[in-house]
Amino acid sequence: MTEKLLVNPIDCEGHGTCAELLPEAIVMDEWGYPIVDPSPLSPSLVRHARAAVSACPTLALRLTRS
Ligand code: SF4
């Protein structure tokens with residue numbers, strides 16, 4: 001089982017909290033919106049990814065499993 005991050009661009013308001021908490025997988029674009037690495041997360045990053053998901057003030061970020 002792998003986990004990936006997804007961002008809903010409609011709900012995202014560009015706060016940037018996610019990129020601060022998980023710079024290994026999320027960078028900000030020039031307008032301040034996140035670009036999420038579409039690759040499966042390495043196991044060592046999953047805990048940090050969950051923290052980023054929890055910290056998103058608009059619930060725009062989520063983890064998917066496959
Ligand atoms: S924390 Fe949420 S609202 Fe802020 S940039 Fe990340 S996904 Fe968007």
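1. Ser44, Arg47 and Ser54 of helix H2 are exposed, where exposed stands for over 50% relative accessible area, buried for under 20% and partly exposed for what lies in between (1.4 Å probe, protein chains only). Helices (H or I, at least four residues) and strands (E, at least two) are DSSP runs, numbered from the N terminus.

2. A word on the source. This is a predicted model, in which local features need pLDDT of at least 70 and side-chain atom pairs count only at pLDDT 80 or more, while totals for chains, interfaces and linings use all residues. Residues are numbered from 1 along each chain as its sequence is written, and side-chain values use heavy atoms, with hydrogens and water left out.

3. Which residues of H2 are buried? They are Leu45, Val46, Ala49 and Ala52. Seen down the axis of H2, these residues fall within an arc of 125 degrees, so they line one face of the helix; the arc is that of the directions from the helix axis to the C-beta atoms. Their cover includes strand S1 (3–7), helix H1 (17–21) and strand S4 (61–65).

4. Val53 also belongs to H2, which spans residues 43–55. Not counting residues up to four places away in sequence, Val53 touches Leu5, Leu61, Arg62 and Leu63; contact means heavy atoms within 4.5 Å. Val53 and Leu63 are ten residues apart along the chain, and 7.4 Å separates their C-alpha atoms.

5. Glu20 is part of helix H1. Is Glu20 buried or exposed? Its relative accessible area is 65%, so Glu20 is exposed.

6. The loop between H2 and S4 holds Leu59. Its phi is near 60 degrees, a positive value in a residue other than glycine. Most residues other than glycine have a negative phi. Leu59 counts as exposed, at 70% relative accessibility.

7. Thr58 is in the loop between H2 and S4. Leaving aside neighbours within four places in sequence, Thr58 contacts Asp11, Cys12, Glu13 and His15. The C-alpha atoms of Thr58 and His15 are 9.1 Å apart, across 43 residues of chain.

8. What surrounds the ligand? The residues around the ligand include Cys12, Glu13, His15, Cys56 and Thr58, each having a heavy atom within 4 Å of the molecule. By class, this shell has six nonpolar, five polar and one charged residues. Here Ala, Val, Leu, Ile, Met, Phe, Trp, Tyr, Cys and Pro count as nonpolar, Asp, Glu, Lys and Arg as charged, and the others, Gly among them, as polar.
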